[in-house]
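Let's take a walk through this protein together, one region at a time.

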Amino acid sequence: MPYATVNPATGRTEQTFPTLTPDELESLLARAAAAFAEYRSTTYAERARHLTTAAELMEGEGPDIARVVTTEMGKTFAAAKGEVAKCALGLRWFADNAEALLADEPITTGARSSYVHYQPLGAVLAIMPWNFPLWQVFRFAAPALMVGNVGLLKHASNVPQTALIIEDLFRRAGLPDGVFTNLFIESKDVAALIEDPRIAAVTLTGSEHAGMSVASAAGHALKKSVLELGGSDPFLVLESADLDTAVRTAVNARVQNNGQSCIAAKRFVVVEPVADEFLRRFTEAMAALVVGDPFDPATDVGPIVTEAQRAELLGQIEEARRQGATVHPGPTIPEGDGWYLAPTVLSGITADMPVAQEELFGPVAMVQRVPDLTAAIEVANATSFGLGSSVWSSDAGEIERCINEIEAGAVFVNAMVASAPELPFGGIKRSGFGRELSELGLKEFCNAKTVYIT
């Protein structure tokens with residue numbers, strides 16, 4: 001698949017980019033290997049200075065960077081500017097905290113001295129998606145670079161200009177040549193790249209299928225991998241919930257990033273006593289959202305990223321309808337150019353419907369009624385995914401049960417699921433393994449070396 005900017009708001013191809021030749025790829029790999037030999041010996045202070053400078057550049061150029069992101073993948077301009085700001089925050093957090101978090105950890109033994117010493121692994125290959133084309137990259141790059149690794153980015157083929165912006169930012173921030181490199185390569189070439197002995201580890205954010213392919217290649221090569229895959233996050237609304245806040249947050253949790261987020265709430269599991277009221281308010285609020293030009297400040301929901309992605313969503317909606325689900329109010333495709341889809345709510349979802357086990361990657365929500373908390377937890381867990389979850393309750397006992405019993409990498413109580421530099425991020429089951437961000441993410445691509453001195 002060629003690298004191309006295809007504006008989802010218009011459907012028009014605006015720019016294309018060639019993939020690397022074998023000789024060009026070899027040159028970049030050799031450059032990265034040589035860069036690691038030098039960069040691993042730099043101090044934390046030097047690395048932090050580069051990341052802080054990158055953050056300053058992002059903050060100064062935020063609107064220009066955001067404009068490219070919106071053009072390439074369709075998120076609202078306001079959301080794109082927010083993503084830029086979040087990346088700058090992440091860069092600063094790791095610049096400020098990495099040295100302390102990676103300090104030698106003393107261990108009491110019979111030796112005169114024993115401790116864990118953290119060292120970089122080498123070149124980390126990152127295979128990144130289009131939906132958060134900045135944040136997904138920086139949440140791998142910031143910790144990896146602070147550890148002393150070098151980064152190789154294989155970005156999604158529909159966000160090439162964003163990929164080049166990131167590489168250029170790090171270059172202008174003073175990172176030595178080869179420490180962070182963008183690779184325009186095809187997906188079919190990834191497995192062979194993982195086999196290359198100069199690649200030390202690999203991280204991927206993407207689909208289940210991509211995760212299986214990368215995990216298989218990394219396993220065959222005996223290399224560390226971190227996978228952040230899909231999600232069908234449950235949003236539990238219990239009888240004691242603050243319904244006003246729950247409904248308002250539910251709408252935002254479903255349509256953030258035009259509904260194209262792995263941690264967006266997708267299954268709204270509501271106990272019977274408040275189900276009618278929640279469904280009424282939720283469908284009204286979803287229907288009131290403004291769909292349109294992502295650069296218009298009045299727009300709440302921009303276009304779906306590709307025509308094929310919208311067609312897949314429409315197929316999932318129609319299949320659910322055929323099996324007995326009620327569709328509120330549409331789905332509606334606005335007139336004109338672009339791959340738009342109005343926010344849609346599916347109610348009457350039952351466990352035997354295929355859609356109950358699928359990820360809906362767009363502004364489409366599923367509402368499922370349950371009699372009580374026990375049933376709500378059962379439905380929450382009745383999926384192959386296990387990324388995030390959100391629970392709405394004011395009852396301490398209910399909250400404790402959800403924290404202990406929901407199968408997910410995160411439980412957010414009376415809040416929508418979100419990521420932040422200080423919080424571990426990742427899932428279980430078919431949502432992947434390993435953690436990004438926080439101290440845990442910082443140490444994923446380290447050699448935790450045991451030192452024992454008698």
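Which residues point one way from β6, and which point the other way? V150, L152 and K154 point one way, G151 and L153 point the other way, and all of them are buried. Keep in mind as you look that this is a predicted model. Strand β6 covers residues 150–154, and five of its five residues are buried, so the strand is largely enclosed by the rest of the structure.

Now look at what lies beside β6. Strand β5, residues 123–127, runs parallel to β6 and is joined to it by five bridges. Between the two strands comes helix α5, residues 135–147, and together β5, α5 and β6 make a right-handed β-α-β unit.

Strand β7, residues 180–182, also pairs with β6 in the parallel sense, over three bridges. Here the landmark is G151, which stands opposite F180 in β7. To get from β6 to β7 the chain passes through helix α6, residues 160–172, and this β-α-β crossover is right-handed.

Next, turn to another set of strands. Strands β3, β4 and β18 form an open sheet in the order β3-β4-β18, with antiparallel pairing. The edges are taken by β3 (105–106) and β18 (446–453), each with a single partner strand, so one side of each is left without a neighbour in the sheet. Strand β4, residues 113–120, is joined to β18 by eight bridges, and the two run antiparallel. You can pick out this pairing at H117, whose bridge partner in β18 is K449.

Now for the helices, starting with α1, residues 22–39. At 1.5 Å a residue, its 18 residues should span 26 Å, and its end C-alpha atoms are 25 Å apart, which agrees. The buried residues in α1 are L25, L28, L29, A32, A35, F36 and Y39. Seen down the axis of α1, these buried residues fall within an arc of 125°, so they line one face of the helix. The face turned away from that buried side carries the exposed residues D23 and E38.

Helix α11, residues 307–322, can be read in a similar way. Its 16 residues should span 22 Å at 1.5 Å a residue, and the end C-alpha atoms are 22 Å apart, which agrees. In α11, the buried residues are Q309, R310, L313, Q316, I317 and A320. They cover an arc of only 120° around the axis, which puts them on the same side of α11. On the other side of α11, A308 and R322 are exposed. And what covers the buried residues? The cover includes β12 (326–328), β13 (344–347) and β14 (364–370). After α11 comes G324, whose phi is positive, near 115°.

Finally, a look at the cysteines. How many disulfides are there, counting pairs of cysteine sulfur atoms within 2.5 Å? The count comes to zero. Take C262 as an example: the closest cysteine sulfur to its own is in C87, 14 Å away, too far for a bond. C262 is buried, with a relative accessible area of 8%. C402 is buried as well, with a relative accessible area of 0%.

Notes
Residues are numbered from 1 along each chain as its sequence is written. This is a predicted model: local features need pLDDT of at least 70, side-chain atom pairs count only at pLDDT 80 or more; totals for chains, interfaces and linings use all residues. Side-chain values use heavy atoms; hydrogens and water are left out. Buried means under 20% relative accessible area, exposed over 50%, partly exposed in between (1.4 Å probe, protein chains only). Helices (H or I, at least four residues) and strands (E, at least two) are DSSP runs, numbered from the N terminus. Two strands pair if DSSP finds at least two bridges between them. A crossover is right-handed if, with the strands pointing away from the viewer, the path from the first strand over the helix to the second runs clockwise. The expected span of a helix is 1.5 Å times one less than its number of residues. The arc is that of the directions from the helix axis to the C-beta atoms. Contact means heavy atoms within 4.5 Å. A disulfide is a pair of cysteine sulfur atoms within 2.5 Å.
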